[in-house]
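I opened this model to look up a few local features. My notes follow the order in which I checked them.

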Amino acid sequence: MLYYYVLLYEIKETKREGRGAQGAVKHVIDRHVALFAQMEDDYLRERVSDLKDLGRRILAALQEDDTSHKEITSESILIGEEISTAALVELPVDKIAAIVTSEGAANSHMVIVARALGIPTVVGVTELPVNNLDDVEMIVDAYQGRVFVNPPRRLRTRYKEIQKEEEQIAKDLKQYETKDSITPDGVTVKLYVNTGLMIDVVRGVQRGAKGVGLYRSEIPFMLRDRFPGEEEQRAIYRQQLSHFANKPVIMRTLDIGADKDLPYFQIEEENSALGWRGIRFTLDHPEIFSSQIRAMLKASIGLNNLHILLPMVTNVSEVEEALYLLERDWLAVQEEEQVKITKPKIGIMVEVPSVLLQIGEFAELVDFFSVGSNDLIQYLLAVDRNNPRVASVYSHFHPSVLRALTRLVQECHKYDKPISICGEMAGDPLSAILLMAMGFNTLSMSSSNILRVRKAICHVPMTDAQKLLEEVVALSNPLMVKSWMEYYFKHHGLGDMVKSNRMVNI
Ligand code: PEP
Ligand code: MG
C-alpha cells in the first residue's frame, strides 16, 4: 500500500513540474519499470509487468475521463503517443479527419488500417506535444508527413487549394472503378483487395477488386473484449466470403503479436517483432487455431471460395503441423455438419527471409505463396517497421528487396505455384509497376489504393515496366530507384501518382 502512495506522490510532483496528467503517469511508471527491471530478485523483477499493467489502466482511465466529454466531429484530428488498431477501430472512424502520433512508422499495423479507411495519418512526429493540443487548429499533410500547428492564413489558403486539387484527382480516378487492369500492350494484372473491416469489403467490391488477397482476421478479434467464439467467427467470415461469392477470398489465420495487440491478451516481450507472433502463437494455442479454422470452413459451405493463409512461417515443420490440424478439422466439420466442404487451398506468407531460400520444400506442401512485404522488408533490412528513428532505412525500393522478390517470383514459377503480394508495396503505383514486371500473379492492396494502381497499369506498357525493372535492379541505392521511377511517371502523364505516396514520416 505504501508503495502506491509513493507512486501517487511522484506523479503529483511530476505534474507540478509542468507535465500533463497522462505525461506524469507515464514518466513515473517508466522510471519505476526501469528500476524494477534491474533488480536481482526474480520475484521483484517480475513485478515489472504488474507496474506496466497499472500504468496502462491509469492511462486508460484518464483517457476515458478526457474523451468522455469530447464529441468526435468530422473535423477532429486524433492525436496520441501511440494509438493501437484496437482503439482506432472502436471509434467512429468515418468522422476522423486525420491521425497524428508521436510513435510508430509508416508500416505500423494501425497506419495500415487507417490508410485502408482513407484517413490521412502522420506518425513518428517525435516532438509532438501530445498533451497540449486540445482544441488547437492543425493541418495534417499526410503526403509529406508534416503537421502544422496553428497554421498562418497563407498556409491555410494554400492547403485549401491542395484539397481542391485532391478532390479533382479523386474524381478523375473514379472512371477507373469500371475499367479492367490491362496494360496498353494487353497484359492483364489481377488486383485484389486487403480487408479486415466490412468497409474494406464494400469499397473493394465498388472498386472492382477481383478477390480478397488478404483478410486480416485479427481485426475482428481486436474489436472484442475476449476471444470470439466459433459461431461468432463463422458469422463474420461468412459476410466476407459471401460478398466475394465466386471470387477467391484468402483468409489469414490469426496474426497477433508484435504491434498487433489484443486488448484482452497482452504479450509482453523484449523483442516482440522477433517473438511470439502469427503461426508461432497459434500453434502453441491449437484450440484458438482450430476454432478459427472450423469457423472458416463452416462459413465457406456452399460458397467454396475460401483460401487459407498462414502468417509468419519460418519452418517447414510449422506448415506440416498446421496442415495436420487443418485436415483434422476439415474431416471433423464435414462429419458434424453432414455436408461436403470443398477443401480450401492453403498458402503461406513470405515474411521471414528463411522462406526465400526454401521455396522448393514449401512448394511440396502448399498451394500458393503470398509476400507480406511489410514484414519481409523489416526482416530483410533489419529495420523495425514501427520505429520512427529508422524509418528512412525502411524502403521497398531497396535493391536487395527488389532482387529478392525477382528471384522469389522466378522460383515460384519454377515450381508452378501462384505468387501474390499483399504488403503495402503492392499499393504504391511506382512499386506496383515493378511487381507487375517481375511476374506476380496478383497484387493485393488496401481499397484506397486500387484505383491509383489500376490507372498506372492502364498507362504503363509491360515492355516499359520490364525495361524499368531491369534498369532499377542494377542501381545500388533505394533513393535512386525511387527517383528513377518518379522520373518515368512524371514524363508519362502520371505525375499525380508520384506525390500520392501518402505515408511519410518526419
Ligand atoms: C505484411 O507483413 O506485409 C502483411 C501483409 O502483414 P501485416 O502488415 O498484417 O503484418
Ligand atoms: Mg505481416
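**Ground rules.** I am working on a predicted model, where local features need pLDDT of at least 70, side-chain atom pairs count only at pLDDT 80 or more, and totals for chains, interfaces and linings use all residues. Residues are numbered from 1 along each chain as its sequence is written, chains are lettered from A and ligands numbered from 1 in the order in which they are written, and side-chain values use heavy atoms, with hydrogens and water left out.

**Ligand 1.** I looked up the surroundings and found 16 residues around ligand 1, the closest being Arg216, Arg252, Lys260, Gly372 and Asn374. Near here means a heavy atom within 4 Å. Next I listed polar contacts (a pair of N or O atoms within 3.5 Å; within protein, one must be able to donate a hydrogen and the other to accept it, and residues adjacent in sequence count only if both atoms are side-chain atoms). Arginine 252 puts a polar side-chain atom 2.8 Å from an oxygen atom of ligand 1. Ligand 1 taken alone exposes 280 Å², and the protein buries 100% of that. Such areas come from the Shrake-Rupley method with a 1.4 Å probe; for residues, only the protein chains shown count as cover.

**Strands.** I took helices (H or I, at least four residues) and strands (E, at least two) as DSSP runs, numbered from the N terminus. Two strands pair if DSSP finds at least two bridges between them. Strand E8 (residues 249–252) runs parallel to E9, joined by four bridges. Arginine 252 has leucine 309 in E9 as its bridge partner. I then asked how many residues of strand E9 (residues 306–310) are buried. Five of the five are, so E9 is largely enclosed by the rest of the structure. Buried means under 20% relative accessible area, exposed over 50%, partly exposed in between (1.4 Å probe, protein chains only). Leu306, Ile308 and Leu310 point one way from E9, His307 and Leu309 the other. E9 also pairs with E10 in the parallel sense, over four bridges. There, histidine 307 is partnered with lysine 345.

I followed E10 (residues 345–350) onward: four bridges join it to E11, again parallel. Valine 350 is bridged to valine 371 in E11. E11 (residues 368–371) is covered on both faces, with Phe368 and Ser370 buried on one side and Phe369 and Val371 on the other. E11 pairs with strand E12 (residues 419–421) through three parallel bridges.

**Aromatic rings.** I counted nine aromatic pairs. Rings of Phe, Tyr and Trp (its six-membered ring) pair if their centres lie within 6.5 Å; planes under 30 degrees apart count as stacked, over 60 as edge-to-face and the rest as tilted. Phenylalanine 148 and tyrosine 159 have ring centres 5.7 Å apart and planes at 50 degrees, so this pair is tilted. Phenylalanine 148 sits in strand E5 and tyrosine 159 in helix H7, 11 residues apart. Phenylalanine 148 is buried at 18%, and tyrosine 159 at 14%. I also noted one aromatic cluster: Phe221, Phe227, Tyr264, Phe265, Trp276 and Phe281.

Aspartate 172 is in helix H7. At 25% relative accessibility, aspartate 172 is partly exposed. Aspartate 172 and lysine 455 are 283 residues apart in sequence, yet 9.9 Å apart in space, C-alpha to C-alpha.
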